[in-house]
Amino acid sequence: NLLALHCENFRPRFFAVSSIEQATVLSKTTLARPIMILGDRRWEEILFCVEEGYSFFVHRLDFVEKLSRLGEKKQEKISFQINIDTGMSRYGVSWRDANDFLSGVRIHSSLHIEGLMTHLAQSDELDKSFAGIQLERFQGVVQNAKHNKWIDNDCLVHGSNTGGYLDLPHAHFDAVRLGILPLGVYPSETCRRIEGIKPVMSLTSTLASTRNIEMGDHVGYGMHFTAKKKMKIGTIPLGYGQGYPRLRNQGFVLIRGKRAPIIGGNSMDASMVDLSRCGDCQTGDEVILLGSTAHDQISCRDLASWSNTVPYEIMLKLGKMHELQ
């Protein structure tokens, strides 16, 4: 909600979410912009979207028939959007079947196609050849729909995710769907950079305890770390139960401006670090797990690399824990 309230200053056409639950939470704010729920919906969810005024997607002709009857009964046009699957093979109507589907919708006077979209599978990689194929398929569907008057002039055409916005200006159409970029994180290392973009998310904790261990002592579940000498270690009261990645002798945190390597296997609510390089640190000292100092930083991409995942997953897990608190 905080991000949405900030984005409201830029007057977006829609706030896009992926579930009814997210839409319901977002609608409790004072936002004036409409909410778009991506993906496929069950019939009961579609009815809920109609009543609440959410923008939604329909990809089944039997739902089209039901919506047509509902519109006639309510004596009003019912608007919805259509996702054209151009090769993602996830949601939507295949570009091969798009002409039949669009013409099948247009015959119903009580229905209005509010938008056409597609989603790119390869927009944030160096090789964008498949993105080019997808866009060619999508543009063919859109041009044919306009030629046959299956869509009106006000139909919103959108095909770019964040990668497409950054690297494919010819794919911007009427609107772009920005996901990770407003949080200051790029979808890949290869995408175009924009001056002034900085991460908005950080994660800090404190040292809950420190201790000296002897050569041969083990650290953490599974005995993944064995001390090769006497050393000082610290425990951070945070683990994968709070959304931090599950790591095994990977990565580091920042304490007093120095890197403290993560040692052993962190647990649900605790992570251990080597304090050998951090000076005379004490219980209560600040620990930066995600963020920066004047001379060093830990990014979402670093956490993702250490845990063999993507920055999206890191941010979602940490964000969900913040919501619970």
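**Figure 1. Strand S16 (286-292), strand S17 (297-298) and helix H8 (300-306) each put at least two residues into the lining of the second largest pocket.** Everything here comes from a predicted model, where local features need pLDDT of at least 70 and side-chain atom pairs count only at pLDDT 80 or more, while totals for chains, interfaces and linings use all residues. Residues are numbered from 1 along each chain as its sequence is written, and side-chain values use heavy atoms, with hydrogens and water left out. Helices (H or I, at least four residues) and strands (E, at least two) are DSSP runs, numbered from the N terminus. The pocket holds about 320 Å³ of space. It has 16 lining residues, and those closest to its centre are Gly184, Pro199, Gln297, Ser299 and Cys300. Which element gives the largest share of the lining? That's S16, with three residues. Grid points are joined across faces, edges and corners, and the volume is the space filled by probe spheres set on the points.

**Figure 2. S16 pairs with S8 and with S17.** Two strands count as paired if DSSP finds at least two bridges between them. S8 and S16 run antiparallel and are joined by four bridges; in one of these pairings, Thr204 has Ile288 of S16 as its bridge partner. S16 and S17 make a hairpin with four residues between them. S16 is mostly covered, as five of its seven residues are buried. Buried means under 20% relative accessible area, exposed over 50%, and partly exposed in between (1.4 Å probe, protein chains only).

**Figure 3. Strand S15 (residues 271-274) is covered on both faces.** Ser271 and Val273 are buried on one side, and Met272 and Asp274 are buried on the other. Strand S12 (residues 231-236) runs antiparallel to S15 and is joined to it by four bridges, with Ile236 partnered by Ser271.

**Figure 4. Zooming in on Ser271 of strand S15.** Is Ser271 buried or exposed? At 2% relative accessibility, Ser271 counts as buried. A polar atom of its side chain lies 2.7 Å from the backbone oxygen of Leu238. The side chains of Ser271 and Asn266 are joined by a polar contact of 3.5 Å. A polar contact is a pair of N or O atoms within 3.5 Å; within protein, one must be able to donate a hydrogen and the other to accept it, and residues adjacent in sequence count only if both atoms are side-chain atoms. Setting aside neighbours within four places in sequence, Ser271 is in contact (heavy atoms within 4.5 Å) with residues including Gly234, Thr235, Ile236 and Tyr244.

**Figure 5. Ser188 sits in the loop between strand S7 (175-176) and strand S8 (203-206).** Ser188 is buried, with a relative accessible area of 11%. A polar atom of the Ser188 side chain lies 2.5 Å from the backbone oxygen of Asp124. Not counting residues up to four places away in sequence, Ser188 touches Asp124, Arg193 and Arg301.

**Figure 6. Lys258 is found in strand S14.** At 45% relative accessibility, Lys258 counts as partly exposed. Lys258 and Arg277 are 19 residues apart along the chain, and their C-alpha atoms are separated by 6.6 Å. Beyond four places in sequence, Lys258 touches Val253, Arg277 and Cys278.

**Figure 7. Five strands form an open sheet with parallel pairing, in the order S4-S3-S5-S6-S7.** The edge strands are strand S4 (93-94) and S7, each pairing on one side only. Inside the order, strand S5 (residues 111-117) and strand S6 (residues 156-160) pair in the parallel sense over three bridges. Met117 has His158 in S6 as its bridge partner.

How values were computed. On a 1 Å grid over the protein atoms alone, a cavity is a set of points where a 1.4 Å probe fits but cannot get out, and a pocket is an open set with protein on both sides within 12 Å along at least five of seven lines; lining residues have an atom within 4 Å of a point.
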